Amino acid sequence: MWILLALSLLLLQWNKRLSLVSLLLAVIFAIRSGVLAWPAWSFILLLFLAAVYSRRIPRGRYRQVMIEGVMLISAVALMLHVIPGFNNLRVLHLVQPGPESMAFSMYFNFDKALVPFVLLVGLRTLFVSEPQYRPSVWLWGLLVLAVPALLLIAVVAGGLKFEPHQPSWLLQFMLANIFFVSLAEEALFRGYLQQRLGKIMPPVAALIISAGLFGAVHYAGGTLLMIFATLAGVIYGLAWMWSGRLWVAVLFHFGLNLCHLLFFTYPVMLKAAG
């Protein structure tokens, strides 16, 4: 089921029919296994009917605003896990990657994974748009180096500490993080929000606002995490702005999270958590 869900997300940009078939199979298996209760699959059905309806009617300005508004609200609700009936699978429960890392739990989130599907209905350029700036190769190199640099700054600030890990659950982490976390968050904050804001304000302003909002949703982790999430959002936003490709931003997001897990205390250092 989870492989089918990940496959549907992987195919979404390039082959929407196969993506939807894979998603349908994932939904069927999820209903049979109890991951989706009736409120959840009813919500998915309503979203599907709304998507079909939106493609059959002419898209005037006001209809476009209405469709995008409904889909944006639905995407945020899915992201925040407020739609009932999603019994997301808990893969890890209070595992501690290392002696100085805080214990954490990890879920395969079916609701969050649906966010790119929902936003694509409202914004057809979600995955591919015109780059807002075409940097030189060396600027791309600096952006890549900014990923470990940000983690090193977190070490200096006292939020992280060097602590290499080789967890037995690395493959589960990679599957969940790239498809059910990074893709969903980048679809909302970069593919949709930054792109839409960039139509009504300078691109740099759109970048800063979307990064700030991305940092704000990490409020539960404290001020330090919000600051570093905002800075990470700037990195992801530049990757999207320079490439016009959502998957480029996703790979930067996933790359930072993977480096964080493999080489540093994860998700935070015990002392910092206290």
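Visitor: Before we start, what makes a helix crossing right-handed?

Guide: A crossing is right-handed if the near helix is turned clockwise from the far one by less than a right angle. Keep in mind that this is a predicted model.

Visitor: OK. Which way does helix 7 pass helix 11?

Guide: The crossing is right-handed.

Visitor: At what angle do helix 7 and helix 11 pack, and how far apart are their axes?

Guide: The angle is about 35 degrees, and the axes are 9 Å apart. Helix 7 covers residues 137-156 and helix 11 covers residues 246-263.

Visitor: Which residues make the contact?

Guide: Helix 7 brings Trp140, Leu143, Val144, Val147, Leu150 and Leu151. Helix 11 brings Val248, Phe252, Gly255, Leu256, Cys259 and His260.

Visitor: How do those residues divide into nonpolar, polar and charged?

Guide: Ten are nonpolar and two are polar. None is charged.

Visitor: Switching to the surface. Which residues make the nonpolar patch?

Guide: Ile31, Trp38, Trp41, Leu45, Leu46, Phe48, Leu49 and Val52 make it. The patch is about 800 Å².

Visitor: Which helix gives the largest share?

Guide: Helix 3, residues 38-56, with seven residues of the patch. Phe48 is in that helix.

Visitor: And salt bridges, how many?

Guide: Five in the structure. One of them pairs Glu68 with Arg196. Their closest N and O atoms are 2.5 Å apart.

Visitor: What does the Glu68 and Arg196 pair tie together?

Guide: Glu68 lies in helix 4 (residues 61-79) and Arg196 in helix 8 (residues 170-197), so the pair ties together parts 128 residues apart in sequence.

Definitions and conventions. Residues numbered from 1 in each chain as written. Predicted model: local features only at pLDDT ≥ 70, side-chain atom pairs only at ≥ 80, totals over all residues. Heavy atoms only, no water. Axes fitted to C-alpha atoms, helices over the stretch in contact; angles between N-to-C directions. Helix = DSSP H or I, 4+ residues; strand = E, 2+ residues; numbered from the N terminus. Contact = heavy atoms within 4.5 Å. Nonpolar A, V, L, I, M, F, W, Y, C, P; charged D, E, K, R; others polar. Patch = residues over 30% accessible without salt bridge, like charges linked within 9 Å, V, L, I, M, F, W, Y side chains within 5 Å. Areas by Shrake-Rupley, 256 points an atom, 1.4 Å probe, with all protein chains shown as cover. Salt bridge = Lys/Arg side-chain N within 4 Å of Asp/Glu carboxyl O.
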